[in-house]
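Please read it beside the sequence and the model displayed below.

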Amino acid sequence: MRVISNMWKRLFQAVIGLTGIIETLLGLLIIFFAAYLQPYIDTGILPEPLYLRILGVMDFYIGIAYIYISFKPDKYYILNKGTCYLRLGLSGIFLIEGVWLLEAKGLRLIYQSLAVFDFFLFSIQAAYIQKTGETPPVK
């Protein structure tokens, strides 16, 4: 297994940790304030915004995964690799929605921004995985 410098590892941990904290808090906000967010996100008014709450739960758990990765990225190598591919998939989905599927200009810009952000996270995770080498032995 190749080793990267301590400075780059700390920077990776800081970016992933900060992302995890923000996603966890964002997920909780979406869960608890989904009814208030419905009109702004232009999802249509339903009596119970279940799909927004599901999105919030997804964000919450992804944030928790990122927090774990930020503490010990080598220990949670498989989780790091899995979330790396998740970010690539989300980037593609947000790009498709932001370019072709959404009609509201404001939402299109938000989704395109999310695509860029997710691709950024995919890139730094992929670079870290490539620099550290193959799967470390399980201890």
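## Basis of the description

Contact here means heavy atoms within 4.5 Å. The model is predicted, so that local features need pLDDT of at least 70 and side-chain atom pairs count only at pLDDT 80 or more, whereas totals for chains, interfaces and linings use all residues. Residues are numbered from 1 along each chain as its sequence is written, and side-chain values use heavy atoms, with hydrogens and water left out.

## Overall fold

The protein chain contains 5 helices and 0 strands, in the order α-α-α-α-α along the sequence; helices (H or I, at least four residues) and strands (E, at least two) are DSSP runs numbered from the N terminus. Among contacts in the chain with a separation of 6 or more, 70% join residues 24 or more positions apart.

Of the 139 residues, 33% are buried, a term that stands for under 20% relative accessible area, with exposed over 50% and partly exposed in between (1.4 Å probe, protein chains only). The chain exposes about 9000 Å², of which carbon and sulfur atoms supply 73%, the areas coming from the Shrake-Rupley method with a 1.4 Å probe and, for residues, only the protein chains shown counting as cover.

## Helices H1 and H5

Helix H1 and helix H5 (residues 105-132) pack at an angle of about 145 degrees with their axes 11 Å apart, where axes are lines fitted to C-alpha atoms, for helices over the stretch in contact, and angles run from 0 to 180 degrees between N-to-C directions. The crossing is left-handed, meaning that the near helix is turned anticlockwise from the far one by less than a right angle.

On the H1 side, Lys9, Phe12, Val15, Ile16 and Thr19 meet residues of H5 that include Phe117, Phe120 and Tyr128. By class, this contact has 8 nonpolar, 2 polar and 1 charged residues.

## Two buried residues

Gln13 is placed in helix H1 (residues 6-32) and counts as buried because its relative accessibility is 10%. Its side chain reaches the backbone oxygen of Ser70 at 3.0 Å, and a polar atom of the Gln13 side chain lies 3.2 Å from the backbone oxygen of Phe71. Not counting residues up to four places away in sequence, Gln13 touches Ser70, Phe71, Lys72 and Pro73.

Asp118 lies in helix H5 and is buried, with a relative accessible area of 2%. Leaving aside neighbours within four places in sequence, Asp118 is in contact with Arg87, Leu90, Ser91 and Phe94.

Terms used. A polar contact is a pair of N or O atoms within 3.5 Å; within protein, one must be able to donate a hydrogen and the other to accept it, and residues adjacent in sequence count only if both atoms are side-chain atoms. Ala, Val, Leu, Ile, Met, Phe, Trp, Tyr, Cys and Pro count as nonpolar, Asp, Glu, Lys and Arg as charged, and the others, Gly among them, as polar.
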